[in-house]
Amino acid sequence: KTKAYVLLREMALQQGEPFDNEKILLSQQQLSQTGLFSNIHFDPDEKTENKALQDLRLTVVERPRWALEFGFGYLDNEGARGFLGVSHRNLFGTGRKMSARIEGGNIERRYSINYKEPRIFSYHADATASATYFKTQADSFKKYDEETFVETVGFEKKLSPLWKGVLFYEYKDTNITNVQPNVILTNQDVGNLIIASTNASLIRDTRDDPFNPVSGCVHVTTLRMGAKVLGSEVQLLKMTHQSSLFFPQTPKSTLAISVRAAGANKFGETNIIPLSERFFSGGRSTVRGYAQNKLGVFGETINATTDDTIPTGGNALLIFNEELRISLYKSFGIVLFFDHGNVWREFNEIKLSEIKSTTGMGFRYNTPIGPFRIDWGYKLGREILESSSEFHFMLGHVF
């Protein structure tokens, strides 16, 4: 079904060029990265009469174009959860991709549709567009109800075999209700709010496996700007960076290290970064040993009541994670970890003495899309009203 030009635009070796095995290999890699084919190979045409010239025959086997996926599971802070998705990876044989997905549980429900236009305007960049609607209810971790509609349109470009750039425009319409009083810092924390922004990311990835890496590293830097000229009611500038490094120790173990830093700054008529744009810390993907979003500086980014702690979030974040990942029998493994971090009101208020630490261990079962994990984290210096430890479980590594 695939049209010929879709294959030809991935060719690194062009007609009339000298025979080059490296370019043939690169062409195979680029065709494989489209996700359209399960088998790709080049063969010399032995019937070529002029031995100074070489004809090549490209043979591919197409993957199924339609895909239906569904699943269900259980999340530690939400309970039962499921999803249903349908996608088409090769619309009209052009390599265009479109997908729709529904997922949700007792607390959150999400609906999304995505479209990808490869090699837009014959340039080596892909155009993307998406629309997402989600609604979440307040629970013991998130102290407000949120209803959000997000539209994005942008571009992705592979700058080299290791570098990729992403640029997109986002229009985000959020309505926040049922907010606990201790969480509110500005009148924009309640009610309807529109944030329109440009988002630029630079990614360098040398990992040997994106789902379960043993060696290599990945660095991601993102700059986000919301401004009135873009249609935003809030003017802000946010920058985040994460570096994750992986070092094989033995044939059965890997040391994994991650550093995350993020900061947000307001400008123009905006006085306080609104709730939906502030950073939160603690939980299964940041500092284990703390409940979801329950880590902060007491009296600044987290408030204490007589029987609970209420996170308000902040504009500065630091997270450090160290893991020793050990393979056991077949797909089973364990992890020993240290996590450190916190969230502050402003970046210039960061104090290393206020960084909280946890330690613990976890169980892993590797699947084709990442490990299923159960982690137990223990606080190394808890405050009043804080539990001594927390359990977390989900699919995928922390980083």
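What is the volume of the second largest pocket? It comes to about 1,000 Å³, counting the space filled by probe spheres set on grid points that are joined across faces, edges and corners. A pocket here is an open set of points on a 1 Å grid over the protein atoms alone, where a 1.4 Å probe fits, with protein on both sides within 12 Å along at least five of seven lines. Of the 28 residues that line this pocket, Q33, D126, K157, K158 and K164 are the closest to its centre; a lining residue has an atom within 4 Å of a point. Helix α2 gives the largest share of the lining, 4 residues, and β8 (145-158), β9 (163-177) and β10 (191-205) each supply at least two.

A word on the model. It is predicted, so local features need pLDDT of at least 70 and side-chain atom pairs count only at pLDDT 80 or more, while totals for chains, interfaces and linings use all residues. Residues are numbered from 1 along each chain as its sequence is written, and side-chain values use heavy atoms, leaving out hydrogens and water.

The chain has 2 helices and 20 strands, taken as DSSP runs numbered from the N terminus (helices are H or I, at least four residues; strands are E, at least two). Of its 399 residues, 42% count as buried, meaning under 20% relative accessible area with a 1.4 Å probe and protein chains only, whereas exposed means over 50% and partly exposed lies in between.

Back to α2, which runs over residues 21-33. From first C-alpha to last, this helix of 13 residues reaches 19 Å, close to the 18 Å expected at 1.5 Å a residue; the expected span is 1.5 Å times one less than the number of residues. Its buried residues are I24, S27, Q30 and L31. Seen down the axis of α2, they fall within an arc of 125 degrees, so they line one face of the helix; the arc is that of the directions from the helix axis to the C-beta atoms. The cover over them includes α1 (4-8), β1 (37-44) and β2 (56-62). On the other side of α2, N21, E22 and Q33 are exposed. D20 caps the N-terminal end, with a side-chain oxygen 2.9 Å from the backbone nitrogen of E22. Just after the helix, G35 takes a positive phi of about 75 degrees.

Elsewhere, K294 sits in the loop between β13 (253-266) and β14 (302-304). K294 counts as buried because its relative accessibility is 10%.

Terms used. Contact means heavy atoms within 4.5 Å. A polar contact is a pair of N or O atoms within 3.5 Å; within protein, one must be able to donate a hydrogen and the other to accept it, and residues adjacent in sequence count only if both atoms are side-chain atoms.
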